[in-house]
Amino acid sequence: MQFERFPELGRVFVQTGNTGGGLGKLVEQVSPLWVDGFQHAFDPDAGLGFSLDKFVAIHATSSLPSSNEVRSLDLEFGCYPACLSLIELSGVSEEGMIDRFVGHFGGTRTDRWQLEAWREERHPPHAMCERCAEAAERRARNPRSHPFFGIFEHASACGISLHCRLRSEHVDLTADLTPLKVEALDGFLVVEDVEDRVMLHLNLRMVLGFRIERLWVEGGEIAQLSVFDMHGNLNFEIFSDLVEMAAIWRCLSQTADSLYLAE
């Protein structure tokens, strides 16, 4: 019943996450579809899918960044909590939509500390050996030297559109991103879209490996950048319809700081 009423929310910012970072975008509405016997729900128009068998709860939350309250519906999954949020944006979304949604179903009130403890119990461990932890901190301290920084800065300077996909066992989201600005913030690379509708962020502490290749797909050849976390999980796929980007990305990677290159 909760999923069936998602379309009533109207325009929301969909934020997804995995161990390697996050991808979010503005959508006109979320309308998930599911079929009996399948373990995922899908919204083709929004480019969104999420696990049904790993879903455990929804929390309505609020926060106060920059003195403006932000309200959201956070979908919780047993394998990775709070990794899919439907966010009410001031001046963009219909005001009060989260409160109206909650009013249909009620629920139990909890405080932020209890919620954080509940999520911590379900959050997957990110254990690292001493050497991996040192390498993770080096990546976090030198984000502008990372190959990804050069790749996204090049796309920004040249106005190149990228097709991004966040992948995980619990949530899947695709978005088209033409980078406007690339920032390094506390170990993250944050990439903002020219139309302010999409945002990508990469956690350089957890992102370890990547692969650049040319692929044949229906309609022609593309360039693909695959991003893996330190446990070997595929976190992101980034595509360009300009197949020559594969060679440019390789060149940018080879000129990056040596601490990011394989030994």
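**Notes on the predicted model: cysteines, sheet, helices and core**

1. Let me start with Cys158: its sulfur lies 13 Å from the closest cysteine sulfur, that of Cys251, which is too far for a bond. Please keep in mind throughout that this is a predicted model. Cys158 is partly exposed, with a relative accessible area of 47%.

2. H4 has 12 residues and spans 17 Å from its first C-alpha to its last, close to the 16 Å expected at 1.5 Å a residue. Just after the helix, Gly159 adopts a positive phi of about 65°.

3. Which residues of H4 are buried? They are Pro147, Phe148, Phe149, Ile151, Phe152 and Ala155.

4. Helix H2 (residues 112-122), for its part, lies across S5 and strand S6 (70-77), at about 145° to S5.

5. Those strands belong to an open sheet of eight, in the order S5-S6-S7-S1-S2-S12-S11-S10, with antiparallel pairing. At the edges are strand S5 (55-63) and strand S10 (179-185), each pairing on one side only. From one strand to the next, the twist averages 15°.

6. Within that order, it is worth a look at S1 (residues 12-18) and S2 (residues 21-27), an antiparallel pair joined over seven bridges.

7. Another antiparallel pair is formed by strand S13 (residues 207-217) and strand S14 (residues 220-229), over 10 bridges. Here Arg211 stands opposite Ser226 of S14. The hairpin of S13 and S14 has two residues between the strands, and Gly219 takes a positive phi near 105° in it.

8. The largest nonpolar core counts 54 residues, and Phe6 and Leu200 have the most contacts inside it. H4 supplies the largest share of this core, with five residues.

9. Leaving aside residues up to four places away in sequence, Leu200 touches Gly22, Leu23, Phe152, Cys164, Leu177, Leu189, Val190, Val191, Phe236 and Ile238. One of these, Phe152, is among the buried residues of H4.

10. Finally, a word on Leu242, found in the loop between strand S15 (234-240) and helix H5 (245-254). Is Leu242 buried or partly exposed? Its relative accessibility is 38%, so Leu242 counts as partly exposed. Beyond residues up to four places away in sequence, Leu242 touches Ile160 and Ala223. The C-alpha atoms of Leu242 and Phe101 are separated by 43 Å, with the two residues 141 apart along the chain.

Technical notes:
Residues numbered from 1 in each chain as written. Predicted model: local features only at pLDDT ≥ 70, side-chain atom pairs only at ≥ 80, totals over all residues. Heavy atoms only, no water. Helix = DSSP H or I, 4+ residues; strand = E, 2+ residues; numbered from the N terminus. Buried < 20%, exposed > 50% of the residue type's maximum accessible area, 1.4 Å probe, protein only. Contact = heavy atoms within 4.5 Å. Pairing = 2+ DSSP bridges. Axes fitted to C-alpha atoms, helices over the stretch in contact; angles between N-to-C directions. Core = buried A, V, L, I, M, F, W, Y, C linked by side-chain atoms within 4.5 Å. Disulfide = S-S within 2.5 Å. Expected span 1.5 Å × (residues − 1).
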